[in-house]
Amino acid sequence: MICSFAASRLCKARSLSGRPEGPYRAVESADALVTQDFEGVDTLDKLFVHAVKRFGQASCLGTREVLSEEEEKQPNGKIFKKLVLGDYSWMTYEEVNQAVESFGSGLAALGQQPCNTIAIFCETRAEWMITAQACFRRNFPLVTLYATLGEDAVVYGLDQCGATHLITSTELLRTKLKVHKHVVYAGSDEVCRADYPQSLAMHSIQEVMELGTKPENLSKEYKRPTASDLAVVMYTSGSTGKPKGVKMQHSNLIAGMAGQCQRIPGLGSQDTYIAYLPLAHVLELTAEISCVSHGCRLGYSSPHTLTDQSSKIKSGGKGDCSVLKPTPHAAVPEIMDRICKNVNGKLREMSVIQRTLFKVGYNYKLQKVSQGADSPVCNKLFFKRVNLLLGGCVRLMLSGGAPLSASTQRFMNVCFCPVAVGYGLTETCGAGTISEFSDYSTGRVGAPLICSEIKLRDWPEGGYTSQDKPHPRGEILIGGPNVAMGYYGSEGEEENDNFWVDEAGQRWFCTGDVGEVHPDGCLQIVDRKKDLVKLQAGEYVSLGKIEAALKNSPLIDNICVYASSLPLNSVYCKLQRFLCLLLCGKMAKAFMFLCVSMYRLYINYILCVCVCVCGTVGKLERFEVPQKIRLSSEAWTPETGLVTDAFKLKRKELKNHYIKDIERLYGAK
């Protein structure tokens, strides 16, 4: 596919071969893919040193002080622990640089050797970033593990990578692992060393820094990394099977961030970024390093203290967004969905007149936004209070990690700010595509970044080929200097299936996702191979497609579709949203009685809703419509192990968790 001359001004990417399967490159990088953001800066160590030289005395990393912890009684009688928080205290770029040097020196004094892995199993906090920068500088390959990974998965990752030093927090240290030679912990809680084996050396981060500042340690010379050295082994949470450690060289991450930063306008020292997503996720890691490289302030937070309504914030207290007032904001779709539901919940509490006025303002601005314009009057009259939910200063948001629904994207564009949607994988260092902030279309993830290119590979069995109309479709392959070096511990085993090098020497990764390329070169994700199930009659059913359609129903909070080879599929979804809808009216007791005593009746009602949504919104075929359903009141969070940290469904775990219900649904006549 080649953009015509008349349309070239609107073309964002084009096929280099002229064929519909590609490869497609951004028009800015048609001649050569970009490998660096700053000339000569080819390692993560050099990138941070470059930032320190430019922004030395500016604020870099900020942490909010915990003043006290109090118990607060809820209307239902339960008692929750709440935090009373102070202001943010900041470290300058120079101070962070000194901490990085001291901590790296201290780790070396404890016996950590260059090119030997070191593991970090910790929540997102300033100490995480300081640790990462120290490891990048000293050429200690950093093994990252999600704080919410199951213990078996964490043990598997640590055993596989062979790290002898572990950085963690006092919170995780109490409940998780008690193995390794050296454990370095962050946090103010006291650690009773008698609770751990004598062979285990325990150190606080402050103790390691003090060790590193001793003249005999600080004066030792060390060799800095090269671009081809291993920087990170990032264990993916994995929606199926055991976690895999993705091997990322310095050059891979440098190239990926160069592509990402080119697509984010005006990122600079005037910006404040709120850091709360898991740093063991490639989206957050690259976002934070990118912000630091451009002089932004990073204020650390958590989902429990993010907004004024967050679970750990005391009534009347200020959430981190209100205090920090971030400008760029990265989020996974689950967070944006919660924000939308929060706002809609407040709207339902308003009078009919207020709701009507808001709807008029919303529809008017939606029309302006779809035309590429804004509405300052509507922003001031209707959306100013809504904006305060995220601090009132957010100028752009980036969504990644999972598909963002069209309704949520439109809502965020209207009520908050422009939203760009990114597509990338851990295996591509988070880089693949990002939509432009001026592109208000939904369902698309933008053109290839200037560091990568995209091909479509035919998948006839699934019904996707490059000859499809109106747009070419196929399995997405991503190539470029941002593609990782494979999986740790499986060198060569899966090279041909997932990673490979073409005749020109470029690395490629097979994503397993199915996409279509629009005439302007932008990509849309339409399916996933692993989500496809073949029914008894030979029809292919896309579970993700059905779930995306059903999520448009306000009754469904989250959903997982299950299908076997039999001509029947069943659904199990969270009941919380349904109960909230039933219990918010005046007849709460009557509806509760209905929920308890007439289960089959409202199951049928939900099924009717599902059928309507599938037919009208999703435009699904008859065999794609769920025939049976199971409602669940359990929360699907990373802590339960039923979803990943990016809130992607773990189908295997969900199936095992609900296996008795599934068997009952399939066995019921």
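The questions and answers that follow concern a predicted model.

Q: What makes the count of disulfides zero, with Cys340 as an example?
A: A disulfide requires two cysteine sulfur atoms within 2.5 Å. For Cys340, the nearest cysteine sulfur belongs to Cys415 and is 7.4 Å away. Cys340 is therefore in no disulfide, and the count by this rule comes to zero.

Q: Why is Cys340 called buried?
A: The term applies under 20% relative accessible area. Cys340 has 7% relative accessibility, and therefore counts as buried.

Q: How do you know whether Cys510 is buried or exposed?
A: Its relative accessibility is 8%. Because buried means under 20%, Cys510 counts as buried.

Q: Why is His182 called buried, and where is its place?
A: His182 has 16% relative accessibility, which is under the 20% limit, so His182 counts as buried. Its place is in strand β8 (residues 182–186). Leaving aside neighbours within four places in sequence, His182 is in contact with Leu110, Thr164, His165, Leu166, Leu200, Ala201 and His203.

Q: What makes a space in this model a cavity, and how many are found at 30 Å³ or more?
A: A cavity is a set of points where a 1.4 Å probe fits but cannot get out.

Q: How do the lining residues of the largest cavity divide by type?
A: Seven are nonpolar, one is polar and one is charged. Among the lining residues are Phe38, Leu47, Met257 and Ser293. Helix α8 (residues 250–262) contributes the largest share, four residues.

Technical notes. Residues are numbered from 1 along each chain as its sequence is written. This is a predicted model: local features need pLDDT of at least 70, side-chain atom pairs count only at pLDDT 80 or more; totals for chains, interfaces and linings use all residues. Side-chain values use heavy atoms; hydrogens and water are left out. Buried means under 20% relative accessible area, exposed over 50%, partly exposed in between (1.4 Å probe, protein chains only). On a 1 Å grid over the protein atoms alone, a cavity is a set of points where a 1.4 Å probe fits but cannot get out, and a pocket is an open set with protein on both sides within 12 Å along at least five of seven lines; lining residues have an atom within 4 Å of a point. Helices (H or I, at least four residues) and strands (E, at least two) are DSSP runs, numbered from the N terminus. Ala, Val, Leu, Ile, Met, Phe, Trp, Tyr, Cys and Pro count as nonpolar, Asp, Glu, Lys and Arg as charged, and the others, Gly among them, as polar. Contact means heavy atoms within 4.5 Å.
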